[in-house]
Amino acid sequence: MTTVTGQSETIVILDFGSQYAQLIARRVREKNVYSILAHPDVTADELKKYNPKGLIFTGGPSSVYDDNAPQVRPEILEMGIPILGICYGMQMAGKAFGAEISPTDSREFGRATLTINTPNVLLKNIPTETSVWMSHGDQLKDPGGNFVALASTSTCPFAAVHHRTKPFYGVQFHPEVTHTPHGGSIFENFIYDICGCKGLWKMDALIDSTINDIRAKVGDDEQVICGLSGGVDSAVVAALLQKAIGDRLHCIFVDNGCLRLNEVQMVENTFRDHFKINLTTVHGADEFLGKLAGVTDPQEKRKIIGHTFIDSFKAAASEIKNAKFLAQGTLYPDVIESGHSLAGQAANIKLHHNVGGLPEQLGFELIEPLRDLFKDEVRRVGELLGLPEDIVWRHPFPGPGLAVRCLGEVTKPRLDILRKADNILLEEITANGLYRKTAQTFAVLLPVQSVGVMGDGRTYENVAAIRSVDTSDFMTADWSRIPYDVLATISNRIINEVRGINRVTYDISSKPPATIEWE
């Protein structure tokens, strides 16, 4: 969104390989304080550019005694900025401050009862005994005279500590996960009482500053192109740009033939008719499906759709005169995972097309007004901009669309079957008040046929799977406990109303070990 270098309130999170690093960043932002992730090898001078009010050291899979264990630069520990060390972050800093770290008798994983022994501002407003979530193989054994023990568990005498002379606090447990019920209070105490933050990270103010930034960058006569997908991210980008530059915004929506039921009409009605945005729809279903003919490998499907999308988008963009900028719905997790952030290349998990080569291929400058935001923050922006609820709270949809939910070969007849089944599923989930309670719900058409009986006749038709998950961050997810009677209605409607399906299954796999999408 806006450039945040040097803003008055920033908490910098040094990521030592934690699976919860982004969750920590979101927990800080929930307290209305801006946060960013950084590589542990970041220099003190780089940190000073962000004028941080505090630092958080995350957990991680390493032992402090591993040969290649990540370390913070010593000068960062001497900056005088308040630091909260979590799990490995506590051990690493504790060792640097002279404490002895040693392996536990057995790795601790799961809930433990925390007893607060010494009152301290970090643990303010927390019950004397409370549940916390542990996940560690090492722990602080001997504080070496530099630390005050604040809290303990039956197996961890130094479960929370404070350095006697420096503004360093450490917890051996994980306050960022929901399994630590008072973890939010620990973050609040650290952010407000220890770091002195006031909570200046407000979405309405960010909208105003972002609109001003867009106007300053675009100028008075250049045109901006935005690719619409039907999802909340691109919709919020389009709404922001329209407020900033009005009819100099041109949106392109590519129908790849793998969209949900009535998706094209919904996008056109919302953006062309309601918001009066310049919208070009590329009707490319025949071209996409032609190239997908006979293809069953999921990665090959993605490549074909990605390359064909670029060709279609380029052709449509070439018709827009004086277009200098391309706007994209890149979010902060995309930036982190693509290695294009202060978190560095060590965080490079996967490449995203929306931070990749499309702008260079088209010769455009890039505008990414959401690149500082997480998904929940984007939804809040969408609400403040007046976007319809069914767009703001729409469940995530994969870039290749139904092509990766139509297992096996992708054909128009199979997609039509899947579209109808998926629409029935969403109708029933919505009618029973479950849509906002689930994070992602969809149907999958399997490359399997099964025997059934309808009337007096034998059938041999397709199997559909229902997938619904609950998650706050999409890094981990559990299957949704949809009531049996709702599942029964969904199954009955799909089998009765969708010709070509005679069996419905429900996917009860968690992530991990499964992924949310099937392909």
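Student: Which strands does helix α6 lie across?

Tutor: Helix α6, residues 203-218, lies across β10 (223-228), β13 and β14. Helices (H or I, at least four residues) and strands (E, at least two) are DSSP runs, numbered from the N terminus. This is a predicted model, where local features need pLDDT of at least 70, side-chain atom pairs count only at pLDDT 80 or more, and totals for chains, interfaces and linings use all residues. Residues are numbered from 1 along each chain as its sequence is written, and side-chain values use heavy atoms, leaving out hydrogens and water.

Student: At what angle does α6 run to β14?

Tutor: About 170°. Angles go from 0 to 180 degrees between N-to-C directions, with axes fitted to C-alpha atoms, for helices over the stretch in contact (heavy atoms within 4.5 Å).

Student: And which strands does α8 touch?

Tutor: Helix α8 packs on the sheet against β10, β11 (249-255) and β12. The direction of α8 makes about 165° with that of β12.

Student: In what order do the five strands sit?

Tutor: Follow them across: β12-β11-β10-β13-β14, an open sheet with parallel pairing. Two strands pair if DSSP finds at least two bridges between them.

Student: Why is one side of β12 and of β14 left without a neighbour in the sheet?

Tutor: Because β12 (278-283) and β14 (365-367) stand at the edges, each with a single partner strand. Going from one strand to the next, the twist averages 30°.

Student: How many bridges join β13 to β14?

Tutor: Three, and the two strands run parallel; β13 covers residues 323-327.
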